[in-house]
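Open your viewer and get ready to click along. We will go from one selection to the next, and at each stop you will see what is there.

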Amino acid sequence: MAKPQGKCIFCGGSRLTHEHIMPAWVGRLLPEKATGFSKGGPAVRRVGDTFTIEVTPPRAKQGNLLGKTVRCVCLNCNGGWMKAIEDAVIPVLGPIVQGESVKLSPDQQKLVATWAAIRAAVYDRDDKKVSAVTQLDRDHLFHSRFPPESWLIWIARNDGGKLWSPSRYWHEIAYVGPRPKAGQPLQANCHLSVMSAGRLSIWVAGGEGHQFAPALGARLKTLGGTQIWPAARTSVDVALVDDEVLTDITLNFAIVR
Ligand SMILES: [Zn+2]
């Protein structure tokens, strides 16, 4: 039997293409080719009645992040509005990938946040069965070209530590909320991605689980990094963080209450 034709996660169109998790220009800037990606633990686990999240720390997974693609966006999106964002972001992020200290204007913060939100939405479709990004959020990205308002996005320069450099993608989803009625399927409703490319690290959190984003956001604010979504009204310096901070971010996904 022929495989059913998938639909573009943004516009609903057909003619799907393979979208790279990390675009090729990132690979050209990295000193080494050895790269990895990782997922946390089991995709969806529930503990207790409310604010029920359980994850495991990141672990290395075999594979080259730079070769990894997800077939979920159409030719028009990939080569159109998504390419325009990609082209615009290269001169902004390129220097950070290579470890330069930079300032980001409010417009640059929004651009980088949008680019990162697209990566998170694409990676989320790596396994459709456990997807946590809602169609409403994808529609928002597609129509406004900005991340959903409730999402939270940070950027940092990492210190080149071994766990998170030269390239790593960590993604975790969970269900947060009241216990579903018996027999109701459990659908993940919040997500956190931590992506590193060279010395660039970005983390993206979102979800409709009640109070999830504010609760996680309050914790992540204390860890370091520079918040770029919601964007600041002034230019901001991209903060320097180490491996420990990036790992702490992933662990905080598990202990939000
Ligand atoms: Zn499309």
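Start by selecting Ala117 and Ile153: of the 68 residues in the largest nonpolar core, these two touch the most other members. A nonpolar core is a set of buried Ala, Val, Leu, Ile, Met, Phe, Trp, Tyr and Cys residues joined through C-beta atoms within 7 Å. Buried means that 20 or more other C-beta atoms lie within 10 Å of a residue's own, with C-beta atoms placed from the backbone. Now colour helix 4 (residues 106-123), which gives the most to this core, with 11 residues. Helices (H or I, at least four residues) and strands (E, at least two) are DSSP runs, numbered from the N terminus.

This is a predicted model: local features need pLDDT of at least 70, side-chain atom pairs count only at pLDDT 80 or more, and totals for chains, interfaces and linings use all residues. Residues are numbered from 1 along each chain as its sequence is written.

Next, select strand 6 (residues 167-174). Eight of its eight residues are buried, so the strand is largely enclosed by the rest of the structure.

Which residue of strand 7 is the bridge partner of Ser167? Select Ala197 to see that partner.

Finally, colour by pLDDT, the predictor's confidence in each residue, from 0 to 100. The protein's mean is 82.

Methods
Buried ≥ 20, exposed ≤ 12 C-beta atoms within 10 Å, placed from the backbone. Pairing = 2+ DSSP bridges.
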